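Biologist: I would like to learn how to read a protein model, one feature at a time. Could you take me through this one slowly?

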Amino acid sequence: MDRRRFSLAVAALLGVPSVAFSAGNPFLGYTQDELDKAYDQRNWAPNSAEVIGRYATDSAAVREKYPPRTERYGSSDAETLDIFAPAGAKGLPVMVFVHGGAWRALGKDDSSAPAPTFVDNGCLYVALNFANIPAVRLPDMATQCRNAMLWIHANIARFGGDPQRIFVSGHSSGGHLSAVLLTTDWSTLGAPVDLIKGGVVMSGMYELYPVLLSARSSYVKVSAGEVIALSPLRHLDKIVCPVIVANGDKESPEFQRQAGEFATVLAGMGKLRGRFVLPGKNHFEVPEALNDANNGLSKAVLDMMKV
């Protein structure tokens, strides 16, 4: 089956129109209000502001103890990244983290907290920064993330990383962007097709069609073609590495459904490395699992990186 027929078949199985969407229509029996709430995690996490605040304070504490090297991978001020590396690093595996924030908030300075899990276990940790909506559009965000990965592949050896062992992770909208990176044909960008050796997608959105039927369409402006291009579930044939899928059991029903369907299809392809539904965790608490190297998810991630 060719790539286009494969993608259309997946879309059909998911009950997703393959070409167009119409904002405001119900999806899977949801009323419009229910769908809006299903794609706004604040409705399911009363402590969301507190947890998001921890991202910044925990990250600041990590940066003080583990000062990173900040590098620019693009021409704009937003196109930077922080590299955390053990002393004397040489030829170590690299974990790249793509932050969440509903595509319109947060940055690399909110993403430092997991660094010790990797640095203390013989890995490099890279926190990506990129422009958010409304400064750029979603396709531009994806392009910046791809450019960052290309830069990392070309330059990470200078910082003690192994360009042949690059992994990617992300949470929420960063989980979506990580899945976009995992479904990128890197050979068309002058890089090895297996540039990414493994992925960790947490609480992401892998099919944009229902997302754009929700209230998020008020600020995420994309064309029908861009919905197709940026929906990882429609490009599964491009995934060439193992993937871990995680979410919390206190997340909204749509985020749980999307994670479950993504994991199910990956398992059928033989690409699912692990499936984690974190008990008692809401959407915003999920990425904090990586802050603890003894957490089951962290152990699985480090095992995938073979450290």
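**Reading the model**

Modeller: Serine 172 is buried, because its relative accessible area is 5% and buried means under 20% relative accessible area, exposed over 50% and partly exposed in between, with a 1.4 Å probe and protein chains only. This is a predicted model, in which local features need pLDDT of at least 70 and side-chain atom pairs count only at pLDDT 80 or more, while totals for chains, interfaces and linings use all residues. Residues are numbered from 1 along each chain as its sequence is written, and side-chain values use heavy atoms, with hydrogens and water left out.

Biologist: Where does serine 172 sit, and what is phi of this residue?

Modeller: Most residues other than glycine have a negative phi, and most peptide bonds are trans. Serine 172, however, has a positive phi near 60 degrees, and its place is in the loop between β5 (161-171) and α6. Helices (H or I, at least four residues) and strands (E, at least two) are DSSP runs, numbered from the N terminus. Serine 203 also has a positive phi, of about 55 degrees, although it is not a glycine; it is found in the loop between β6 (196-202) and α7 (208-211), and it is buried with a relative accessible area of 0%.

Biologist: Which two residues are joined by a cis peptide bond?

Modeller: Isoleucine 133 and proline 134 are joined in this way, with omega at about 10 degrees, and proline 134 has its place in the loop between β4 (124-128) and α5.

Biologist: How should I read a helix, and how many residues of α6 are buried?

Modeller: An α-helix has 3.6 residues a turn, so residues three or four places apart point the same way. Helix α6, which runs over residues 173-182, is mostly covered, since ten of its ten residues are buried; among them are Ser173, His176 and Leu182.

Biologist: What does leucine 138 touch, beyond residues up to four places away in sequence?

Modeller: Contact means heavy atoms within 4.5 Å. By that rule, and not counting residues up to four places away in sequence, leucine 138 touches Trp103, Ile133, His176, Leu177, Leu208, Val220, Val222 and Leu230. Leucine 138 lies in helix α5 (residues 138-155) and is buried, with a relative accessible area of 1%.

Biologist: Is lysine 197 buried or partly exposed?

Modeller: Lysine 197, which lies in strand β6, counts as partly exposed at 23% relative accessibility. Leaving aside neighbours within four places in sequence, lysine 197 is in contact with Gln164, Arg165, Ile166, Phe167, Cys241 and Pro242. Lysine 197 and isoleucine 166 are 31 residues apart in sequence, but their C-alpha atoms are 5.8 Å apart in space.

Biologist: How does one read the protein as a whole, and what is its radius of gyration?

Modeller: The radius of gyration is taken over C-alpha atoms, and the globule rule is 2.2 Å times the number of residues to the power 0.38. With 307 residues, a compact globule would have a value near 19 Å, and the protein agrees with this at 18 Å. There are ten helices and eight strands in the protein, and 56% of its 307 residues count as buried. Of the contacts with a separation of 6 or more, 78% are between residues 24 or more positions apart.
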